[in-house]
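Open the model in your viewer and keep the selection panel at hand. The tour goes stop by stop.

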Amino acid sequence: MPLIVCLPTFFMAITYPISGLGNFKQFILILVYILLGVWNAQSFGQFVGAVSPTFQKAVVAGATLMITFLLGGGFYVSRFSPNLEWIRYVSYISYMYNALVLVLFDEPSVFYTCEVGNLGTPYPQCRLDPVNSTISGTEIARELRALPVYGLGWVAAVLVAVSLVLRVMTYAVLRWFRKPNVH
């Protein structure tokens, strides 16, 4: 448990001030959601390891599913075809991504300036007048979200629930389906 908390905290303590993203309250919220994501990743890895018959199959299954979850999480792909839309709701990474977007950008009183020369921007006011226009944090959060979310508490509840369900399923697999080989 200490490594699960210490390594992400150490990483965030270094990278967050360098990035200049926000205040201390946002730092704490982001750290909480990153720790929830790490806890989910650990739960997911334990479950895959428990259901896989061999170590090699567990590594292949875990890597394949994690790549799928990363792609569906919203970091790399934000628009899905209708037949792959379900990946967004299965991937715990998309919930963590949404929480980070909400913490960083979902404030109507904060405004950001438009990037000059970016004609592919999704914000119409930036295409019309990129020099004098601004974008609210709420508009950015709406554009970046991969899922319709109802708030940070809802996202935290989903992350905790997914992790607990995975841990209970891991326990059930190890308790009733995997018996130790005693000779």
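What follows is a walk through two helix pairs, a buried side chain and a salt bridge. Keep in mind that this is a predicted model.

**Stop 1: α2 and α3**

Select residues 24-51, helix α2, and residues 55-72, helix α3. Their axes come within 9 Å. The crossing angle is roughly 140°. Angles over 145 degrees count as roughly antiparallel, and α2 and α3 are therefore oblique to each other. The handedness of this crossing is right-handed.

Now show side chains at the contact. From α2, pick Phe44, Val48 and Gly49. From α3, pick Ala58, Ala61, Gly62, Leu65, Met66 and Phe69. Colour them by class: 7 are nonpolar, 2 are polar and none is charged.

**Stop 2: Gln26**

Stay on helix α2 and select Gln26. Is Gln26 buried or exposed? Its relative accessible area is 8%, so Gln26 is buried. Next, display what surrounds this side chain. Leaving aside residues up to four places away in sequence, Gln26 touches Tyr16, Leu21, Val103, Leu104 and Glu107. Keep Val103 selected; Val103 belongs to the α5 side of the next contact.

**Stop 3: α5 and α8**

Select residues 92-105 for helix α5 and residues 152-177 for helix α8. Here the axes come within 10 Å. They cross at roughly 155°, and α5 and α8 are therefore roughly antiparallel to each other. Look along the crossing: α5 passes α8 in a left-handed sense.

Which residues meet here, in α5 and in α8? On α5, show Tyr92, Tyr95, Met96, Ala99, Leu102 and Val103. On α8, show Leu152, Trp154, Val155, Val158 and Leu159. Colour by class again. This contact has 11 nonpolar residues, with no polar and no charged ones.

**Stop 4: Arg88 and Glu85**

How many salt bridges does the structure hold? The count is 1. To find a salt bridge, select Arg88 and Glu85. Draw a distance between their closest N and O atoms: 3.0 Å. Side chains of opposite charge can pair when their charged atoms come close.

Arg88 has 12% relative accessibility, so Arg88 counts as buried. Glu85 has a relative accessible area of 24%, so Glu85 is partly exposed. The cut-off for buried is under 20%.

**Last view**

α2 with α3 is the oblique pair; α5 with α8 is the roughly antiparallel pair.

Conventions:
Residues numbered from 1 in each chain as written. Predicted model: local features only at pLDDT ≥ 70, side-chain atom pairs only at ≥ 80, totals over all residues. Heavy atoms only, no water. Axes fitted to C-alpha atoms, helices over the stretch in contact; angles between N-to-C directions. Helix = DSSP H or I, 4+ residues; strand = E, 2+ residues; numbered from the N terminus. Parallel < 35°, antiparallel > 145°, perpendicular 65-115°, else oblique. Left-handed = near helix turned anticlockwise from the far one by under 90°. Contact = heavy atoms within 4.5 Å. Nonpolar A, V, L, I, M, F, W, Y, C, P; charged D, E, K, R; others polar. Buried < 20%, exposed > 50% of the residue type's maximum accessible area, 1.4 Å probe, protein only. Salt bridge = Lys/Arg side-chain N within 4 Å of Asp/Glu carboxyl O.
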